[in-house]
Amino acid sequence: MSVKLSLKTIWFTFVYIIFTINLSQSYAATYTLHPIDSKASLGKLSNQPIENLSALDQFGGDDNWNSYIEADPGSKRFNGEFYFHLSGSDFDETNLRKEKIEKLDLITNTMGAGPYYQRRYFQIKNVKQGYWRTLIDNDNAPSWKWHQERFHIENDANEYIDDSGKIVIRYLSDNNYDVSNIDYIAIKATTTPVAAPQPELGNKTRYTLYPSVFHASLGTVSDQSIQELSTFDQFGSEDNWYSYIEAKPGSRKFRGEFYLYIGDANLESSDIKKIDVTTNTMGPGRSDQRRYFQIKNIKQGNWKKLFDNSEAPNWQWYKQSKSIERNANDYIDSDGRITIRYQSNNNHDVSNIDYVGITLTVGDQEETDPDNETDPGNETDPVAGEMLNIALQSSITGVQPMTGIVVWENLWNDHNVKTQPGNIQLEYFYAHYDWVVSTEGAYDWDKIETKLKAISDRGNQAIIRFRYTYPGFETTVPKYIKDMPAYTEQKGDADNGQPTWFPDWRHKALQDFHLDFYKAFSDKYKNDNRIAFLQVGFGLWSEYHIYDGLNTLGRHFPSHAFQEEFVDQLSQDLADTLHWSISIDAAYGSLSAFPATNNMKNHQFGIFDDSFMWSNHASENRPNWQFFNYSDRYKISPHGGELSYMVYPYDQQHALDHQGMYGRTYEDLSAQYHITYMIGNDQPEYKSANRIREAGMANGYKFEITAFSASDIESSVTVKNIGVAPIYYDAHPAVNGIRALDSLKGLLPGQSKTFFVEAGGKQPSLSIESDRLVQGQTIEFKANLPGS
């Protein structure tokens with residue numbers, strides 16, 4: 001092995017020198033990394049060698065035990081990490097460093113139970129920002145069939161590489177329903193452009209790309225490997241099932257997209273002078289079903305036809321090619337992706353795809369072949385038609401869903417702050433554990449359901465916080481635990497001398513109940529659109545502190561080890577579903593495990609501030625926000641809180657004053673901390689409903705449509721976030737009720753994104769739709785577009 005590497009390196013160095021002299025262009029280099037080690041923190045991995053994960057060799061229902069590694073979730077779920085290192089690349093001697101890495105691609109091949117029975121996903125650790133980013137899940141994977149996925153990271157790729165060159169990928173399941181199998185994990189690391197060897201053909205150079213992803217938006221595709229599309233090997237009426245991919249229409253037709261990346265050829269879009277698209281397909285004749293290929297023009301925001309099956313024979317393999325030479329880089333997006341769409345006009349029958357390839361030409365302009373070259377930008381295409389700018393006028397008139405000032409569920413129900421639509425969108429309530437559980441293992445959610453129904457019937461959503469300890473009251477620990485002989489609660493004074501009972505966190509029954517409770521809650525409510533956010537914590541009000549009274553760690557407040565176990569479990573149970581938050585007070589003090597266990601901050605959760613706007617906010621609260629890296633955390637998890645009661649009633653009276661208090665306005669502080677929601681239950685006593693609405697509109701996301709164009713069958717919509725935070729759940733621009741595939745989720749303030757929708761017309765109707773809304777809620781948008 002060492003001899004082979006040395007020879008390869010010598011060859012690489014030799015051609016590197018030659019082509020640095022001969023080529024004025026620069027190129028990136030791509031290195032494939034495979035895991036060098038693994039560790040399971042929950043469950044276990046089978047004993048096959050880690051090298052098994054370096055070969056993609058399992059397809060369909062294959063079950064070669066010696067070719068993959070099994071992930072066994074054990075009694076709870078699976079949680080394991082795979083470690084990659086830049087020194088494990090093909091060219092170890094090239095001094096590859098994190099600073100050189102511009103792009104990362106994660107490629108996986110896994111098999112397991114379908115998403116209905118078990119959800120599994122891959123995450124990558126963002127070393128700089130201190131959190132795990134979910135890249136791939138099994139939402140679209142078939143049950144017990146091998147399934148390949150690829151995820152592309154371009155922006156800030158080196159944030160996922162530590163100073164030693166290590167990259168960590170985490171693989172998780174949400175339960176212990178069954179084992180799952182991993183055949184392949186690889187990371188392709190692409191460097192910033194450097195001089196590199198390339199084959200030279202006179203003054204031109206050609207590269208061939210093959211699809212990395214084939215995604216069906218209408219219908220389904222068979223389970224063969226995407227790699228089958230890189231080999232042209234079917235002719236006549238041949239029918240080798242393992243050499244092509246079958247495209248099966250849905251109830252109406254088939255539509256799918258191929259993604260090809262110029263990074264696979266180490267190129268930049270400015271290098272590309274010509275694109276040649278070649279396919280080999282088989283299916284019904286034109287009289288029974290029309291099928292066609294299109295390519296996405298990124299600059300114009302539309303699809304252009306390449307060719308169709310007008311001349312293709314019935315159920316015979318048929319090769320087609322088309323060239324694009326004028327403005328070739330208009331078809332390459334900012335991620336270096338070229339998108340080819342394959343579509344049928346009905347559901348008459350399946351069709352088969354043997355080959356899809358794109359040949360890129362770089363260098364000097366070639367002479368055009370008039371028999372083959374076409375400019376799809378100038379072609380009159382009856383499929384796509386001309387994209388026309390659409391006139392659109394719209395305004396944002398109220399608080400947006402899942403944002404704004406929050407009042408309590410049981411108060412102000414006859415006040416116009418609730419009865420007048422648009423003033424608020426969120427209602428808060430404390431929940432008691434003993435509402436739900438009184439006997440071990442039995443869950444009665446009726447009281448929670450009653451509150452959720454009342455809130456949603458008003459067209460609002462809930463923020464819930466369960467609590468054990470509240471000054472002046474007994475705990476809400478379930479009765480069966482309180483009745484245990486070894487369980488002993490203690491009573492002490494808290495919050496200005498109020499007699500208060502504290503749970504006995506020494507008792508394992510309480511610890512087990514807490515974990516089991518949140519697992520049951522997650523299973524029932526994690527996808528419930530009546531709940532916007534969950535708040536969790538321990539101590540007084542579940543705000544992660546005990547200012548006075550009994551405060552022994554491990555007795556009146558759970559141990560650091562248990563806090564860590566709970567946070568780890570909750571982050572798995574609610575991953576990419578219901579957003580949860582903890583108090584910023586968890587940033588300090590001996591009771592909190594967060595200062596002592598720094599990696600707890602790496603989980604994806606939001607934070608809330610229970611004394612927002614108070615006089616000492618900059619000196620007392622801001623360090624806690626900074627501890628949790630709030631300027632990056634808001635990008636993936638919501639920030640919220642409660643208006644201050646520190647100086648009562650002054651703070652409540654003046655928190656929403658137009659001129660502000662303590663030298664800043666509510667709008668200014670909300671923008672600074674990217675606030676999505678703020679509990680202000682006393683505000684109807686001091687401020688008008690219009691002012692509460694106005695303040696709430698300063699929170700969270702707000703969308704503006706900056707461009708809208710449509711043809712007869714499709715539309716292009718550009719959306720800008722003009723708010724102070726992103727939307728944290730999926731929302732999609734929709735035209736005539738047809739949604740864009742891409743989501744607005746995570747679109748940061750000031751950012752814009754263009755969406756393509758498979759619907760159009762002369763007077764298309766535009767909306768923004770989300771499955772996380774309750775009846776009566778609407779996501780509004782601002783627009784002032786004159787049209788063509």
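Colleague: Is R290 buried or exposed, and at what relative accessibility?

Modeller: A word on the source first: this is a predicted model, in which local features need pLDDT of at least 70 and side-chain atom pairs count only at pLDDT 80 or more, while totals for chains, interfaces and linings use all residues. Residues are numbered from 1 along each chain as its sequence is written, and side-chain values use heavy atoms, with hydrogens and water left out. Burial is read from relative accessible area, where buried means under 20%, exposed over 50% and partly exposed in between, with a 1.4 Å probe and protein chains only. R290 counts as buried because its relative accessibility is 14%.

Colleague: Where is the place of R290, and with which side chain does the side chain of R290 make a polar contact?

Modeller: Helices (H or I, at least four residues) and strands (E, at least two) are DSSP runs, numbered from the N terminus. R290 is in the loop between β17 (272-282) and β18 (291-297). A polar contact is a pair of N or O atoms within 3.5 Å; within protein, one must be able to donate a hydrogen and the other to accept it, and residues adjacent in sequence count only if both atoms are side-chain atoms. The side chain of R290 makes such a contact with that of D308, at 3.2 Å. The C-alpha atoms of R290 and S310 are separated by 7.4 Å, although these residues are 20 apart along the chain.

Colleague: How many salt bridges does the structure hold, and with which residue does R119 form one?

Modeller: A salt bridge is a side-chain nitrogen of Lys or Arg within 4 Å of a carboxyl oxygen of Asp or Glu, and the structure holds 30 of them. R119 pairs with D139, their closest N and O atoms being 3.2 Å apart. This pair links distant parts of the chain, with R119 in the loop between β6 (101-111) and β7 (120-126) and D139, 20 residues away, in the loop between β8 (131-137) and β9 (147-153). R119 is buried at 15% relative accessibility, whereas D139 is partly exposed at 38%.

Colleague: What separates R691 and E694 in helix α13?

Modeller: R691 and E694 are separated by about one helical turn, because they stand 3 residues apart in α13 (residues 689-696). Their side chains meet in a salt bridge of 2.9 Å, N to O; R691 is buried with a relative accessible area of 5%, and E694 is partly exposed with 38%. Elsewhere, salt bridges that share partners join R119, D137 and D139 into one network.

Colleague: Which residues does D573 touch?

Modeller: Contact means heavy atoms within 4.5 Å. Not counting residues up to four places away in sequence, D573 touches D174, Y518, K519, S522 and K526. D573 lies in helix α7 (residues 560-573) and is buried at 4% relative accessibility.

Colleague: Which residues lie nearest the centre of the second largest pocket?

Modeller: On a 1 Å grid over the protein atoms alone, a pocket is an open set of points where a 1.4 Å probe fits, with protein on both sides within 12 Å along at least five of seven lines, and lining residues have an atom within 4 Å of a point. The second largest pocket is lined by 30 residues, of which W541, E543, D610, Y645 and M646 lie nearest its centre. Helix α8 gives the most to this lining, with 3 residues.
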